[in-house]
Amino acid sequence: MSRIGRTPIPVPAAVTVDVVGSTVTVTGPNGTLSRQVPTPITIRQDDGTVLVERPNDERRSRALHGLVRTLVANMVAGVTGGFTKELEIVGVGYRATAKGADALELALGFSHPVNVQAPAGVSFEVPTPTRIVVRGIDKEKVGQVAADIRKIRKPEPYKGKGVRYAGERVLRKAGKAAK
């Protein structure tokens, strides 16, 4: 058995988990998330916990067991506390400006500003012009939006300029050697 898959998911008092067929819906103080569960995996509720079970030890079932358990646990964590990803902007003249809670304007060295619109369920916060905080209840969406923003101007290896995750180390290369 998968150690991750067989671990029960604790459900806080403010959260309700509904399982209808192969659809799991988690509702909490921050919102509602829903997800289809792949066919061989089943989900059942015990008192205050959710258990993810697999029918057999086939390779696909074993692979999906821990995955589905982690996805449901992330749904429960998202509707209770939410998720955040922080990005840092490094470079002279590089900055971010908030245009409401769901839009950003980025100056990243291009001839024009880059506008980024947040999808539903994701919001932006700009505490300083060189820092962006992406917030939401869906961990997958938050991570994808942060990756899309980083992809606009990845950190380059010579001067380190660009958009990077908070705490990310960029391996630097030596420039041309002078003669």
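Visitor: How many salt bridges does a search of the whole structure find?

Guide: Before the count, a word on what you're looking at. This is a predicted model, where local features need pLDDT of at least 70 and side-chain atom pairs count only at pLDDT 80 or more, while totals for chains, interfaces and linings use all residues. Residues are numbered from 1 along each chain as its sequence is written, and side-chain values use heavy atoms, with hydrogens and water left out.

Now the count: searching the whole structure turns up nine salt bridges. Here, a salt bridge is a side-chain nitrogen of Lys or Arg within 4 Å of a carboxyl oxygen of Asp or Glu. Side chains of opposite charge can pair when their charged atoms come close.

Let's start with Arg131, which forms a salt bridge with Glu88, their closest N and O atoms being 3.3 Å apart. Arg131 belongs to strand β12 (residues 131-136) and Glu88 to strand β7 (residues 83-90), so this pair ties together parts that are 43 residues apart in sequence. Strands, by the way, are DSSP runs of E with at least two residues, numbered from the N terminus. Arg131 is partly exposed at 26% relative accessible area, and Glu88 is partly exposed too, at 22%. As for the wording, buried means under 20% relative accessible area, exposed means over 50%, and partly exposed is in between (1.4 Å probe, protein chains only).

Also in β12 is Arg135, whose salt bridge with Glu125 has its closest N and O atoms 3.1 Å apart. Glu125 sits in strand β11 (residues 122-128), so here the linked parts are ten residues apart in sequence. Arg135 is partly exposed at 35% relative accessibility, and Glu125 is partly exposed at 35%.

Strands β5 and β6 (residues 49-53) run antiparallel and are joined by five bridges; two strands pair if DSSP finds at least two bridges between them.

Step back and you'll see an open sheet of three strands in the order β1-β6-β5, with antiparallel pairing. β1 (9-10) and β5 (42-46) stand at the edges with a single partner strand each, so one side of each has no neighbour in the sheet.

One more pair to find: Asp57 and Arg54 meet through their side chains in a salt bridge, 2.9 Å from N to O. Asp57 is exposed, at 56% relative accessible area, whereas Arg54 counts as buried at 12%.

Methods: Helices (H or I, at least four residues) and strands (E, at least two) are DSSP runs, numbered from the N terminus.
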